[in-house]
Amino acid sequence: MKKLVAIIVIVLGFAFNTNAQKVKTVALEQTKGEFTQKQITLSEGIYIFEIANNNVGKDVGFVLLPKGKSGQAHHIKEAYVTQAVKNNTKGNSKKVTLAKGEYTYFCPLNNTTEYTLIVE
């Protein structure tokens, strides 16, 4: 019985600790053909990406993937904006948990190059 109680306490403690982590927002802006932020450095954690479409003239999106990987199979799907970001508006991704490492981000709709995101 004592083991069962200890296991329940550990599980509940872990659940509360996970929920207590603060979600941070990373605001990124796109203009015609580029992001204004060329490189980002973050700490490990949970993030929501806010993408601003600053007069691009068409819908934009956001793709994040581990550095050195390519192809849609490696995209971090939670980082996609929940819907295409219309001209002169903002959109958000879902919550994304980022571990230490290097990532790249880009927008295929706005035909941007790949930029670097570093998680320390």
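Phe35, Phe49, Phe62, Tyr105 and Tyr115 form one aromatic cluster; rings of Phe, Tyr and Trp (its six-membered ring) are paired if their centres lie within 6.5 Å. By this rule there are 6 aromatic pairs. In one of them, the ring centres of Phe35 and Tyr105 are 5.1 Å apart and the planes stand at 85°, so the pair is edge-to-face (planes over 60 degrees apart; under 30 they count as stacked, and the rest as tilted). Because Phe35 lies in strand β2 (residues 34-35) and Tyr105 in strand β8, this pair ties together parts that are 70 residues apart in sequence. Strands are DSSP runs of E with at least two residues, numbered from the N terminus.

Phe35 is buried, at a relative accessible area of 0%, and Tyr105 is likewise buried at 0%; buried means under 20% relative accessible area, with a 1.4 Å probe and protein chains only.

Tyr105 also has a place in the strand pairing: its bridge partner in β9 is Tyr115. Strands β8 (residues 101-106) and β9 (residues 115-119) run antiparallel and are joined by 5 bridges, where pairing requires at least two DSSP bridges between two strands. Both belong to an open sheet of 4 strands with mixed pairing, in the order β3-β9-β8-β5. Its edge strands, β3 (39-42) and β5 (63-66), each pair on one side only.

Residues are numbered from 1 along each chain as its sequence is written, and side-chain values use heavy atoms, without hydrogens and water. In this predicted model, local features need pLDDT of at least 70 and side-chain atom pairs count only at pLDDT 80 or more, whereas totals for chains, interfaces and linings use all residues.

How values were computed
Buried < 20%, exposed > 50% of the residue type's maximum accessible area, 1.4 Å probe, protein only.
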